[in-house]
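Let's take a friendly walk through a protein model, one spot at a time. Have the sequence and the 3D view ready as you read.

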Amino acid sequence: LFGFLLMKIKCVIIAGEMSADILGSEIISSNQNIDWYGIGGPYMKQKNLKSILNWERITGFGFFEVILKLPILLYNAHILANKIIQIEPKLIITVDTKGFNFYLIQIIRKKIKNRSYMPRFIHLVAPTVWAWRPNRAKKISKIVDTLLCLFPKEPHFFKNFDLDCLFVGHPAVQNFSKLNNRPVIYNKLGIEDKKELIISLLPGSRKNEVKKTLPILISVSKILESKIEKPILFLCQAAPNQENLIRRILIKYKSDIIIVKKDNLGEEITTSSDFSILTSGTATLEYALNGVPSVAIYKTNFLSAFLGRKFINMNNIILPNWILGSRYMEFLFQENCNPHNIAKEIINLINNKNEINRSNINAKKLRKLLTANKKTFNQNVSDVIQHHLNL
């Protein structure tokens, strides 16, 4: 009897991208009374996730890549659904990767609709209905039991539908609102602090993003070195699965930019950067929360860019801009994402004496807006999970 009482409850968690993997690791580490099965990347595996399928089989792609890989993604969804049903989890949490995860939930519901067993479905990270395809809000209400939102404006888009939709805050508030750790960076890198400007470069977490973006960032670094009198230390943040690719590109272009591993010094590089150039994504919010003046960029293939302009509201795509309701961070997309334009924007930030103060003011606003119930993201999500487990 005692051994039975100590048995952990089985739950499944699915994450198919690096940003989702980070969120998933936060959930696992904050709910250690649960036996976690599912799919995740390096961060979730570090938290003892019991992997049931290689996450590379569902990893997200751009618009064009998804079309090409759709058959294999659908096939993997059916394989995964069968594995999950065999586990019989009490709770299934899907994290971002919405197209795949919503299809997966629908398959599971269909396969077990005539059984007495039916898990609860929680999805974390609301679809960006505020940026594109707002009609998805109604469809989601028929798929998941609870939708957890990272941003305070999001529940408004789902209020007219029969859906338990909750704002739980954003984990970046706790993880990227810390004191400057400049000495730690220099110490771990084994170099002397010569009072340089630290400019962080984030070429993206996907292979295709790095290939397109990093050569541009290398060119930007050379322009800035020729235009800025003060010495500059360029640090390129590498996602866990992209370090070797970044190293090969830097060697090819004969660049001395220093690679910094995200899973080793990710928080320190964010808190200690003077300026940054960021591939559009969660990083724009992380750096904004630390008051780092930044430029957001994105470069993709022609078809993905065409579809993006057609279906996505580009005014809302940069998270801190959308949350604050103003064009706080400059965004250079596709043909505008070139070395000359990027260097020009960074130079403007460096020469603007009021920029640091403005960035710090906006950071305080963001921290306040992204905190829910006066609790951390982890506390809010854990409350929701425990509530569902007790139903």
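Predicted model: local features only at pLDDT ≥ 70, side-chain atom pairs only at ≥ 80, totals over all residues.

Residues are numbered from 1 along each chain as its sequence is written, and side-chain values use heavy atoms, leaving out hydrogens and water.

Start with the cysteines. The structure holds zero disulfides, a disulfide being a pair of cysteine sulfur atoms within 2.5 Å. For Cys149, the nearest cysteine sulfur belongs to Cys165, 3.4 Å away, which is too far for a bond. Cys149 is buried, at 0% relative accessibility, and Cys165 is buried too, at 17%. (Buried means under 20% relative accessible area, exposed over 50%, and partly exposed in between, with a 1.4 Å probe and protein chains only.)

Next, look at helix H13, residues 302-311, where you will find Leu303. (Helices are DSSP runs of H or I, at least four residues, numbered from the N terminus.) Leu303 is partly exposed, with a relative accessible area of 33%.

Finally, find Ser382 in helix H17, residues 377-389. Is Ser382 buried or exposed? At 12% relative accessibility, Ser382 counts as buried. Beyond its neighbours within four places in sequence, Ser382 is in contact (heavy atoms within 4.5 Å) with Ser30 and Asn31. A polar atom of the Ser382 side chain also lies 2.9 Å from the backbone oxygen of Asn378.

Note on methods: Helix = DSSP H or I, 4+ residues; strand = E, 2+ residues; numbered from the N terminus. Polar contact = N/O pair within 3.5 Å; in protein donor to acceptor, adjacent residues only side chain to side chain.
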